[in-house]
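Please keep the sequence and the model at hand while reading.

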Amino acid sequence: MAENILVVGGGPAGLNAAVMLSELGVNVTLVERDSFIGGNPKKFKYKFLFPDMQPADNVIGELIKKTESGGNIKVYYSSEVSDFKENGKKFDATIKSAGGSETKTFDSVIVATGFEHFDPARDAKYSYQLFDDVIDIKDLERMMGENNFVRPSNGQPPKNVAFILCVGSRDRHIGNQYCSRVCCTISVKQAIELKEHFPDCEVYIFYMDIRTYGFFEDLYWQAMEEHDVQIVKGRIAEITSGPNNTVVCKGEDTLLRGPFEIPFDMVVLASGMEGGPQSPEISSKLGIELDEHGFLKPENITLSPFKSNKAGIFLAGACTGPKAISDSITEGAAAAMNAYTYAVKNR
Amino acid sequence: MALKKQEQRPVAEKGEHIIARHLIEDDSIKEEKNLVIDGVDVSGRWNTFILSRVDSEFDRSFFREIKDTVVGSRINRCWQCGMCTASCTVTPLYRRFNPRAFIYMMQLGNLKELKKYIDVAWRCVGCYKCSQRCPKQVNPAEMMEALGLLIKKYFPEEVQSKLKVDEDVKKIYDDMILGHGRLDLAKLHTSAMQKTGRTKELLGKIERDAIFKMAKDGRAFSILRLGKPHNWNSSKEAMGNYLKNLNTIESSEA
Ligand SMILES: Cc1cc2nc3c(=O)[nH]c(=O)nc-3n(C[C@H](O)[C@H](O)[C@H](O)COP(=O)(O)OP(=O)(O)OC[C@H]3O[C@@H](n4cnc5c(N)ncnc54)[C@H](O)[C@@H]3O)c2cc1C
Ligand code: SF4
Ligand code: SF4
Ligand code: SF4
């Protein structure tokens, strides 16, 4: 008899876990909150992925295709786990969807509920939603995905653009002390894409640190050396409206020691990642631990980053903290392996 | 004969003959106007000595001293992002007033550098815009108080000689003290904003939020209810006289 494994969340992590389990012959049940699978990359129409600028479809489209064609995966769209109980070493879960409620017994569970983008409107100083030309990286990602790079306020190409790093991350006031890990790399990637699209546009990045860790550093060098992207050291304290339909960034050039107020056609906020409302929800529903940053907590962050504190429930992807797609996919595979082993042992 | 020649020589400015003189600070040039060594006259340019411009130590004792004060206890948190300076009410008026840079100098115990800013270091108006934005909650507004205390302790003479009062700011202070009997930080802040032409910002979301918050938690009203200090009229007269005398002394010194 084949094992039954539940995967919650259909982003890169959850999809890869599902695909790998199905290849092992497991009956996979995939519960996805949205009406589509593919997670945040699909929702915000990522077009090209860092680090190598390959089309997102190569990755996300591929995973979706495998999920939908793999005969062993049953996907529940627009659904949720409405009830969850332990049953010896197994788990009874009720899945609620438009088609009604179904209760099944699972040998093990993988949680891959991912992240939410920080909402920059929560930090008033950036005037997000106040000015049309202040957008954030997920908005720009979506705009680029729709081939629409222009200024939201008037549909014109921007003459100069400012990226502001660490929005909603590394800030005690906002309550997020951690670094969101990907926003630096996304910013340099988008800066390159902007310059490729509008070679005459000047692009500036306001930074405190640029954390394009590992090989992501290549993109950062490329942005400066091949596209003349200029970096300026200082965090922005305020965005106000300027002359001729511009937005003014007020900051300090900490290297030159002095304040500046510079008008831009467009400002892009590098907003970070959050555990979102789904992390505490799933934590209390499944009885697994939440960490102090609002993400799900692995049993041992170094030894077993893909295990929850509860035997038989495994974690994968951005639900345990900010990370890139490759890491999420790796964790999906690791969680699949562990969930399978647990299921076989307790057969 | 030799002596006569020396008398005729035009008196040179200190370090005048140094190429790219403007790159070297006055304090770093040592030069004796009249110096004779072993009977050889080495006056002026013949004994010029330029002190090393390379810093050779970080003085952490100083950092610890600041950290032990109530107002400076969070100095170890600052990571030099510049949000305080960027939001400061005073910096646009006095570009040399830079809370971030001052905190850095305090962290490294760089008194030599701090000394150059004695004339502006005390100019914080206490608006707390910096503390409201600082991502590390260093409370830079209070760090500026720590700075004031420190400068007073380490450079008492310079404080006496270099602190020049800005007439406009002084008038705002004087009017406030004589008018209300106490400093009104909100008013100080408003005046400084007006002076820098930032009246529009006063109606911005952040300022509005602060006002609502103060109205809601009662701080705004408790300030109004405070009224004037006890026995105000006689005090006011005494203070008025004091300020008048001070003004006469200052103008005769100028
Ligand atoms: C603007 C931006 C651009 C990025 N670009 C890149 C890039 O170019 N390259 C790269 O490597 N990384 C990139 N990333 C990072 C990438 O988005 C993440 O690594 C990845 O999405 C994480 O995958 P995930 O499956 O863990 O989570 P998610 O993508 O967040 O997917 C989670 C899924 O779970 C579902 N879900 C949530 N809660 C529940 C629930 N209770 N029940 C059922 N379903 C639920 C969600 O609807 C979603 O479909 C970018 C991130 C941002 C913010
Ligand atoms: S990745 Fe970069 S922008 Fe994002 S939080 Fe870290 S340092 Fe800030
Ligand atoms: S409290 Fe002082 S240092 Fe801070 S912003 Fe106001 S004037 Fe500047
Ligand atoms: S805002 Fe805070 S952390 Fe940033 S430089 Fe100023 S005091 Fe330091």
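## A ring cluster in chain A

Which residues do ring pairs link into a cluster? The cluster consists of A:Tyr204, A:Phe206, A:Phe260 and A:Phe264. Rings of Phe, Tyr and Trp (its six-membered ring) pair if their centres lie within 6.5 Å; planes under 30 degrees apart count as stacked, over 60 as edge-to-face and the rest as tilted.

## Basis of the report

This is a predicted model, in which local features need pLDDT of at least 70 and side-chain atom pairs count only at pLDDT 80 or more, while totals for chains, interfaces and linings use all residues; side-chain values use heavy atoms, with hydrogens and water left out. Residues are numbered from 1 along each chain as its sequence is written, and chains are lettered from A and ligands numbered from 1 in the order in which they are written.

The model has an ipTM of 0.87 and a pTM of 0.84. For chain B the mean pLDDT (the predictor's confidence in each residue, from 0 to 100) is 82, and 87% of the residues of this chain reach 70 or more.

## Aromatic pairs

Over all chains, the structure holds 12 aromatic pairs. One of them joins A:Phe206 and A:Phe264 edge-to-face, with 5.9 Å from centre to centre and 80° between the planes. A:Phe206 belongs to strand β13 (residues 202-207) of chain A and A:Phe264 to strand β17 (residues 258-264) of chain A, so the pair ties together parts that are 58 residues apart in sequence. Helices (H or I, at least four residues) and strands (E, at least two) are DSSP runs, numbered from the N terminus. A:Phe206 is buried at a relative accessible area of 3%, and A:Phe264 is buried at 1%. Buried means under 20% relative accessible area, exposed over 50%, and partly exposed in between (1.4 Å probe, protein chains only).

A:Phe314 and A:Tyr342 form another edge-to-face pair, 6.2 Å centre to centre with 70° between the planes. This pair links distant parts of the chain, since A:Phe314 is in strand β20 (residues 313-315) of chain A and A:Tyr342 in helix α8 of chain A, 28 residues apart. Both A:Phe314 and A:Tyr342 are buried.

## Nonpolar cores

In soluble globular proteins, nonpolar side chains tend to be buried together. A nonpolar core is here a set of buried Ala, Val, Leu, Ile, Met, Phe, Trp, Tyr and Cys residues joined through side-chain atoms within 4.5 Å. The largest such core has 49 residues, of which A:Leu6, A:Val109, A:Ile110 and A:Val111 touch the most other members. Helix α8 (residues 325-345) of chain A gives this core its largest share, 6 residues. Another core, of 38 residues, lies apart from it and includes A:Ile205, A:Tyr207, A:Val268 and A:Ala318.

Contact means heavy atoms within 4.5 Å. With neighbours within four places in sequence left aside, the contacts of A:Val109 are A:Leu6, A:Val8, A:Phe84, A:Phe91, A:Leu286, A:Gly312, A:Ile313 and A:Phe314.

## Surroundings of the ligands

A residue counts as being around a ligand if one of its heavy atoms lies within 4 Å of it. Ala, Val, Leu, Ile, Met, Phe, Trp, Tyr, Cys and Pro count as nonpolar, Asp, Glu, Lys and Arg as charged, and the others, Gly among them, as polar. The residues around ligand 2 include A:Cys166, A:Cys179, A:Cys183 and A:Cys184. This shell divides into 5 nonpolar, 2 polar and 3 charged residues, and β12 (160-167) and α5 (183-197) of chain A each supply at least two of its members.

Ligand 3 is surrounded by 13 residues, the closest being B:Cys88, B:Cys124, B:Cys127, B:Tyr128 and B:Cys130. Its shell comprises 11 nonpolar, 2 polar and no charged residues. Around ligand 4 there are 13 residues, with B:Cys78, B:Cys81, B:Gly82, B:Cys84 and B:Cys134 the closest. The shell of ligand 4 holds 10 nonpolar, 2 polar and 1 charged, and α3 (83-87) and α4 (99-107) of chain B each contribute at least two residues.

## Backbone features

Most residues other than glycine have a negative phi, and most peptide bonds are trans. The peptide bond from A:Phe50 to A:Pro51 is cis, with omega near 5°, and A:Pro51 is in the loop between β3 (48-49) and β4 (54-55) of chain A.

A:Asp228, although not a glycine, has a positive phi of about 55°. A:Asp228 is exposed, with a relative accessible area of 56%.
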